[in-house]
Amino acid sequence: MTAVHDASELQFDGIPVDRADIKKFKWSSILWLSPAGILVMALFVLPTIYALYIGFTNMQLLGPFAQHLSFTGLSNFDRMIHDPVFWSSVKMTLVFVIGSGIIAQTVLGFALALLGQRAKISLRATVGSIVILAWVLPEITVAFIWYAFGQAGGTLSELIARPGDDLLATVPLLIVCVANAWRGTAFSMLILSAGLRNVPAEVDEAAQLEGASYWQRLWRVTIPIMRSTIMVNMLLITIGTISDFTLIWAMTQGGPGNETAILPVYMYIQAFQFNDLGYGTAIALALIVVGALLSIIYVRQLRPELKKAQ
Amino acid sequence: MISVNLLLAIIGAAFLLPLIWLVDAALNPHASAALTGPAWSLSNFRAALAAGAGGAIKNSLYLAMVSTIVATSVSTIAAFALSRHRVPFKASLLLVILFLAGLPVTLLLIPIFEIYVHLGWLNSPFYTSLVLAATSVPFAIWLLKNFIDQVPRELEEAAAIEGASDLRILWGIVIPLAMPGILVASILTFINSWGAFLIPLVLDANPKDQPGAVGIFQFMSANGVVHFGPLAAYSIIFSAPVVLMYLICSRWLNGGFAFAGGVKG
């Protein structure tokens, strides 16, 4: 389409004229947008605004403050700053997102994409299907599989020749991270192998003629070219991982102790087990802040590419 | 070259092992947390059905169907307007929609719970499915707008000259031509709602409404004993529909579906 997007660009004797091929705003458009608009307003925008209010109250699930709540200012956040469980929860969230999400999934996914590029087609298709199957399974199924795997007497403990060890008790965070990496790698594999196909072969061949080794070409040519794809992939993994609840809740319920209570899990425990909806919401707001901070890092990294695209 | 294949095969085997355990445990009447070796018995599947897998699957189907129908229809209409009409602040609106698609549902859960308490909408599969629909709408609009943008406009212009209304153009021209995109959006919404756990767990405490994911979770933590065999069978029954759907989706949309690219030879 070579259409001029700004209607005012067309003039006749200096007078702007309406273009026949550009639609003018009609009020009926609002009608078209309203079903989705009402749904999103009622169950997305309104709850978000409401969350900003609940986080500053002493709202309870049950009891006297369930009906007659009062505005308590920053007291939830004051409590949060002095809550050691909250801070360990933040730390575990970062380990979970960065370790099992960003690092493990990106590295494994990229490794699979690179190997797939050079391996036999039938093998690539088979391994690709297996990895994708792990990704397509419902989260609860993945949680159950790894719950069994990590137990005392489970396959994983037998593999490391210590069948008596309950890995879910000794290294719980590691096991939920492995489970999450197992489940999520397919996404990176798919995005990054699509990205690899867009790397022009000539550039790589030229580097090869200059005598660059495979690793040099990978590090100096392929990865820099794929930088924005890798960044977008990391951003999407972060958004997907940071609010993860099902996997950890079904595997460990945040335990033992609070050793796997990442922020969404800690929010659920506070809100629906300790009945403290106000504090739970404050934790959810903290989760948004952590997510926003991580996203800002990516967007800053992507800025040169975004500028180029404009 | 050999080492590349070997390495890929090793990673593939590591990914396969948990899946093998699942199938092995489902078929073995004496299943445990470890691999037990092949046995061919369907007794675990019977035990899973006796534990309520059938009813839970029906509930999952209801939640997934209702939320998919609601989300896809409102998103298609909105995406058409965003693609074809002149909408003020369209660029900002699209950015807001993209932002909402990335917003964690976790944040919304407590406020929605409170709103539902006041409206008396708790413990209702229908209202629960509306939340599931809403969580899928932003992404569905974004996806569908891109698909509808690619539908050529010449046919619509011809139809408009003949005096067809916008509604007829949408129904008669755009929807049939954007069908692959509409199916992708529906299937993604369906898969998302099918596996939903936290939202039904919080919004519908009625045991007879519990979907498969909640059913498996309750079964896992029931009476302190973990019945690995029946649970594995339950998980397979629950996972089969979405796996099948994904297979159909990636096969049928072959070239148009970016996800298929990864496994294509």
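A cis peptide bond joins A:Gly255 to A:Pro256, with omega at about -5°. As background, most peptide bonds are trans, and most residues other than glycine have a negative phi.

Before going on, please keep in mind that this is a predicted model, in which local features need pLDDT of at least 70 and side-chain atom pairs count only at pLDDT 80 or more, while totals for chains, interfaces and linings use all residues. Residues are numbered from 1 along each chain as its sequence is written, chains are lettered from A in the order in which they are written, and side-chain values use heavy atoms, with hydrogens and water left out.

Moving along chain A, helix 14 is mostly covered, with 10 of its 11 residues buried, where buried means under 20% relative accessible area, exposed means over 50%, and partly exposed lies in between, with a 1.4 Å probe and protein chains only. Among the buried residues of helix 14 are A:Leu263, A:Tyr266, A:Tyr268 and A:Phe272. Helix 14 is followed by A:Asn275, which has a positive phi of about 60° although it is not a glycine, and which is found in the loop between helix 14 and helix 15 (277-309).

A:Asp276 counts as buried at 11% relative accessibility, whereas A:Arg79 is partly exposed at 36%.

A second pair in chain A is A:Glu139 with A:Arg183, again a salt bridge, at 3.8 Å, N to O. Here helix 6 (residues 139-150) holds A:Glu139 and helix 9 (residues 172-197) holds A:Arg183, 44 residues apart.

In chain B, B:Lys208 forms a salt bridge with B:Asp209, the closest N and O atoms being 3.7 Å apart; B:Lys208 counts as exposed at 62% relative accessibility, and B:Asp209 as buried at 11%. Over all chains, the search finds 6 salt bridges.

How many of these salt bridges cross the interface of chain A and chain B? The rule finds 0 there, although it does find 5 residue pairs in polar contact, both residues at pLDDT 80 or more. A polar contact is a pair of N or O atoms within 3.5 Å, where within protein one must be able to donate a hydrogen and the other to accept it, and residues adjacent in sequence count only if both atoms are side-chain atoms.

The contact, meaning heavy atoms within 4.5 Å, takes 85 residues from chain A and 85 residues from chain B. The area buried between the chains, that is, the accessible area (1.4 Å probe) lost on putting the two together, summed over both, is about 7600 Å², of which carbon and sulfur atoms give 81%. In chain A, A:Trp32, A:Phe44 and A:Phe144 lose the most area to chain B, together 12% of what that side buries.

Methods. A salt bridge is a side-chain nitrogen of Lys or Arg within 4 Å of a carboxyl oxygen of Asp or Glu. Helices (H or I, at least four residues) and strands (E, at least two) are DSSP runs, numbered from the N terminus.
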